Amino acid sequence: MFPFFSRSKMSDAPEVNPAPAKTHEPHPLDALTGGAFSAATSGERASRIRDWLATQPSPEQLQEVFKELSGRDKGAARAVRERLDEIRRAKGQEAIAAEWAEKAQALLAAPKLNIADALAWQRDAAKAGAPLSREPLSLLKVQLADRVKVIEDLQHRVQVQREAAVLLAQRIEVLSTKPWRDAQAALELLRADVARWQEQAQELTGDASWASVEARFPPLLDASRTQLLVVWEAFQPAVAQAAAAAEDAAAPLPPVPVWADELRAARGLPTAASEAAAASAAAGKPARAAKPKVAPEVIEKAHQLVRDALATLEKETAEGHGKASAGAAAALRAVLKVHGKHIDNALEQQVHTALVAAGELEGWQRWSADQVREELVAKAEALLNRPEGQALGGRKMQETLRSLREQWKQADQGGAPNHALWKKFDEACNAAHKVVEAWLDKIRAEAAEHKAQRLALIEEVKAWAQEHAASGDWKAINRALYQFGDRWREGGHVGEKIFAELQPLWKQAIALAAAPLEAAQKESLARRHAMIEEATALGAAPSLRIDAVKALQQRWQAEAQTVPLDRKHEQKLWDAFRKPIDEAFNRKSADRERAVTELSARDRVVLDASKALEAANATGDAQQIRAAMQALEAALRGQAQAAEAVATANKDAQSQAEAQSVAAPAAAEGGAEAVEGGDAAAAAPATPAAPKSAARPVVAVRGDDRPGMKKDAPAVPGRGARPGDRRDGRPGDRDGARGPRADGRMADRGDRGGRFGDRPAFEDRGPRLGDTAFRAQREAMEHAQLALKKLAAQAHGEALTQLLTAWEKRDAALVPGAQELGSGVTASVRSAWTQALSAAPKGDAAEAMLRLEMAAEAPTPAEHIAARRMLQLQLLTRRNDPAPAQTWGQDVARVLAGPSDAASARRLQNVLKTLLRK
């Protein structure tokens, strides 16, 4: 098939090209298979075989091609072999299907079909491998199932008819114990019910499947028919005879004793009971007592028993319990036989309705059980056919399967078992249980892994305990123990049996590791209890030692930071420790508050003076405020005439309130003085009442007059007498006041005999002020200082406005006085301003305005920024010229000599606001 060309190695002939191979003849089956045998590759041959198989060749052709191809290419021959196997299986299934189809047709054609045979046919066909899902077996299976349902329905209807016949007979029996007119009224309804019952029974016996009903059902129906007809045929003549006897007194009485007695009573004849009593009396025997009247208690008891049995039957029927409802129906019939003669018609009708419903439920129980089973089968098959992403997990699948099987058991209890549905249900549950098995395998693997991790953790705790047995870092040890506990809790799930084995090992290891910490905690508890006892002793002492309390608290904090305890326990110990100390401090605070509330005579004087000062602050009069401040200072010094000074201040306050309009200029002057002297002038101490040594005259010198100080340097402002300043600088100190200084600010230095000379003795400060009086005088003095500053600012603004008005009108008479302008404006400077305003406007004051803005450090308008920078550069070259801050008075005079306009007035106002306060 594959020729090889060879050439002798020893040949001396020249090498020439070999002759082309001979063309082979095509294979006979190439035409049949589309050239599969002449294909160059195995893949191409397999492709041509698949194309040929799509043409549905005959089995003989397939066998021939497989025989030739199996020796050449097994891969391509595999497809042919699979097709041959399918044909064989199809032939075998066809034979099996034909066999079981014949059996099913024989069952259907038989006049009597046994339900067990039909169910056995489906079970055996499935075991034999018959294709029940293909025709014709699928159609035959459906036909058999329909036939079985028809037979089961007939059997159920037989049971219903039997129960209905019993109920009809009971109704007739009950009517025989009632008056004959009640029976006559119910005769037509009974006749219709009996006729309907007979028609339904005839339909049952005339059904085509009646022959297939089980052998026990036809006798039941015949016995019910016979019993009902006997009772009915006896009841109809008795009712007719009773009606005839009621119309004709000569007519015979009916055979029913109750009706006969009723008719005798209607005719005026003695009843059977009275005749029997008379006969017994004639015979010398005591007459039988007449039947006593039924007591109401007996009737009530009968109604109650019947209602209880009826309620039980209705409950079981409503819940669908077939077996329980049958037992409840039997119990109700037994009660009805004993107490039926004592119940009324309404209750009797309810009993009849309940018994009918129970009979229907008992008959339909098997059908309803099959419906429940089919639903359970559908649910079991749907467990593996859920949408993507909604598949059930292992635990959920296990719980669902358990629930479905419990529901199947309940369905079997209510009706006869169905083996075919049980097989389908069991197969679906077994298929779904594979998910549970995979989940259980995963759980077991995880449990083994978690067990190994927990054992490793136990060994790690043991090694850690040996390593840190001698460590004293109790906080680190406590933190590590907590971390070990967290890792144990997060170690994953293990079974209860494994956990019971591991838990003792873990407790033993963690107890060994925690033993040093527990010993340290025990010692720490002893030390803390000792400190609590010490704190109790300190708190109970008559005098509280603050240093001992602080030392004890530091010891507690050191102990708490060294040895950690449980948070709740540690908090309880801390509360017990701080309780006696807090109580001691509370007692001290209470004593202090009690001492504060007990005001002394001096405190009352200070309080009165403080109230007088607050009243003066409210008036807004500077002179009145100063007078009140002097009175308060006198009260603070504790002088004997303090009370008189307070009274005088109160009188001055009243007089000043009356002359408010007259005192307005004085307020302006006071404000100017406040601006001039600042806070020190506002709080200047009052002249003491006691005579003082004559002070050295003070010469007004610009700048600081102390030796070695520059004359142009601003003097350091003296301390005022405001509360809160140093004790040696204010008379209103809590501990008392020092004697007032001399009239001059620095004049008393000459009296001290030099810097290190002997100082004069301090005056007696008097008793200590209480907390209430001290706070009251401090607040009153602060409010007075603020009020004086506010009045001074108001006066300063008015003076500035008058000056600008005088510039605008060129009127020197409108220039404010020196006192109103403040201490920064001397008499010579004011004279220069008035002279500038008296002359006509002349000159350019641009440079003077820029110097004023530089002196006041005020911003310059944008259009004059360049000029200001140029002037600053020029001033840097003029080293010996005075600075703008020293010549601002002359610069103001130059500006006032020039013309007035709105922009210049606004710039001048801005700089004077700052300069006049300096």
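Author: Helices (H or I, at least four residues) and strands (E, at least two) are DSSP runs, numbered from the N terminus. This is a predicted model in which local features need pLDDT of at least 70 and side-chain atom pairs count only at pLDDT 80 or more, while totals for chains, interfaces and linings use all residues. Residues are numbered from 1 along each chain as its sequence is written, and side-chain values use heavy atoms, with hydrogens and water left out.

Reader: In which helix is the place of R307?

Author: The helix in question spans residues 296-319. R307 is in α12.

Reader: Is R307 buried, partly exposed or exposed?

Author: Buried means under 20% relative accessible area, exposed over 50%, and partly exposed in between (1.4 Å probe, protein chains only). R307 has 40% relative accessibility, so R307 counts as partly exposed.

Reader: How far apart in space are R307 and L347, C-alpha to C-alpha?

Author: In sequence, R307 and L347 are 40 residues apart. In space, their C-alpha to C-alpha separation is 8.1 Å.

Reader: How much space lies in the largest cavity?

Author: On a 1 Å grid over the protein atoms alone, a cavity is a set of points where a 1.4 Å probe fits but cannot get out; lining residues have an atom within 4 Å of a point. Grid points are joined across faces, edges and corners, and a volume is the space filled by probe spheres set on the points. One cavity of 30 Å³ or more is counted. The space in the largest cavity is about 90 Å³.

Reader: Which helices each supply at least two residues of the lining of the largest cavity?

Author: The lining includes L167, Q170, V351 and H352. The helices that each supply at least two lining residues are α6 (137-175) and α14 (345-382).

Reader: Where does Q56 lie, and is Q56 buried or exposed?

Author: Q56 is in the loop between α2 (42-53) and α3 (59-69). Its phi is near 55 degrees, a positive value in a residue other than glycine. With a relative accessible area of 59%, Q56 is exposed.

Reader: What is the relative accessibility of E857?

Author: E857 lies in the loop between α28 (846-856) and α29. Although E857 is not a glycine, E857 has a positive phi of about 55 degrees. E857 counts as exposed, because its relative accessibility is 71%.

Reader: In which helix is L876 found?

Author: L876 is exposed, with a relative accessible area of 64%. The helix that holds L876 covers residues 865-877 and is α29.

Methods: On a 1 Å grid over the protein atoms alone, a cavity is a set of points where a 1.4 Å probe fits but cannot get out, and a pocket is an open set with protein on both sides within 12 Å along at least five of seven lines; lining residues have an atom within 4 Å of a point.
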